[in-house]
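Here are my notes for someone opening this model for the first time. Have a look at the picture, then read on.

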Amino acid sequence: MSAALRAEGVRRRLGGVAVLDGVDLAVPAGQVTALVGPNGAGKSVLLDCLGGAARPEAGRILLAGRDVTRAPCHRRSRLGLARTFQQVAVFPGLTVAQNLLVGAEQHGVPPAVARARTAGVLRLLGLTALAARPAAGLPLGVLRLVELARALAGAPRVLLVDEVSVGLDAAQVAWVARVLAMTAREGVGVLLVEHDLALVARLAREAYVLDAGRVVASGPVERVLADPRVRRLW
């Protein structure tokens with residue numbers, strides 16, 4: 001499969017320390033690819049570089065074959081990239097439905113299409129009954145779903161998902177797993193950063209293991225997760 005998103009030799013330093021040290025990674029269209037590793041490995045920093053919130057000091061980010069290394073977040077959004085965050089990020093003063101509309105509009109979806117897309121994604125994630133509720137005060141698990149729904153409302157070609165299972169109960173995790181699998185089947189390249197290795201094994205076709213800013217293993221998810229060297233990282 002072609003790579004919907006690719007990192008080539010990405011390097012990033014924070015406070016003089018190499019947080020990412022020559023990372024190569026490919027996210028094919030139409031499948032879930034996992035990025036796993038211990039706390040502090042650099043996973044969220046890599047997502048920041050891929051999404052445009054941080055700029056690598058060396059290397060390239062390619063989105064659908066286009067070099068977006070220096071492109072801002074909003075340009076990457078218009079090119080089809082969406083993401084969720086480790087620390088859930090929603091607009092608390094907006095309703096659930098308005099949060100989704102913002103996500104659709106960020107991706108350049110026309111207003112009428114955005115409204116229809118919002119209604120469909122609300123149904124998909126079981127949020128229709130909460131559509132008119134302000135995001136402020138909703139439980140963490142629900143906010144995770146709202147954030148994922150907002151990312152999906154823009155009909156992305158690439159979806160970066162950072163620790164989506166945090167705060168979800170077992171039923172919500174199963175629901176999100178079905179949604180992500182369906183999203184990939186529709187041709188989206190999904191990069192899943194996740195500590196729940198059972199969820200990774202269930203969803204991902206390939207996995208990358210990041211440790212101390214370097215990819216230390218990659219390949220089919222079953223082989224990577226069974227590697228004793230990988231298991232010792234946890």
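1. Strand 1 (residues 3-14) and strand 4 (residues 58-63) run antiparallel and are joined by five bridges. Strands here are DSSP E runs of at least two residues, helices are H or I runs of at least four, and both are numbered from the N terminus. Keep in mind that this is a predicted model, where local features need pLDDT of at least 70 and side-chain atom pairs count only at pLDDT 80 or more, while totals for chains, interfaces and linings use all residues. Residues are numbered from 1 along each chain as its sequence is written, and side-chain values use heavy atoms, without hydrogens and water.

2. On to strand 2: nine bridges tie it to strand 1, again antiparallel. Arg12, for instance, has Leu20 as its bridge partner in strand 2. The two strands make a hairpin with two residues between them, and Gly15 in the turn has a positive phi of about 60°.

3. Put together, you get an open, antiparallel sheet of four strands in the order 2-1-4-5; strands pair if DSSP finds at least two bridges between them. Its edges are strand 2 (17-28) and strand 5 (66-67), each pairing on one side only. Helix 1 (residues 43-51) packs on the sheet and touches strands 1, 2 and 4, contact being heavy atoms within 4.5 Å.

4. Lys43 sits in helix 1. What lies 3.0 Å from a polar atom of its side chain? That is the backbone oxygen of Pro38. Beyond neighbours within four places in sequence, Lys43 also contacts several residues, including Leu35, Val193 and His195.

How values were computed: Axes fitted to C-alpha atoms, helices over the stretch in contact; angles between N-to-C directions. Polar contact = N/O pair within 3.5 Å; in protein donor to acceptor, adjacent residues only side chain to side chain.
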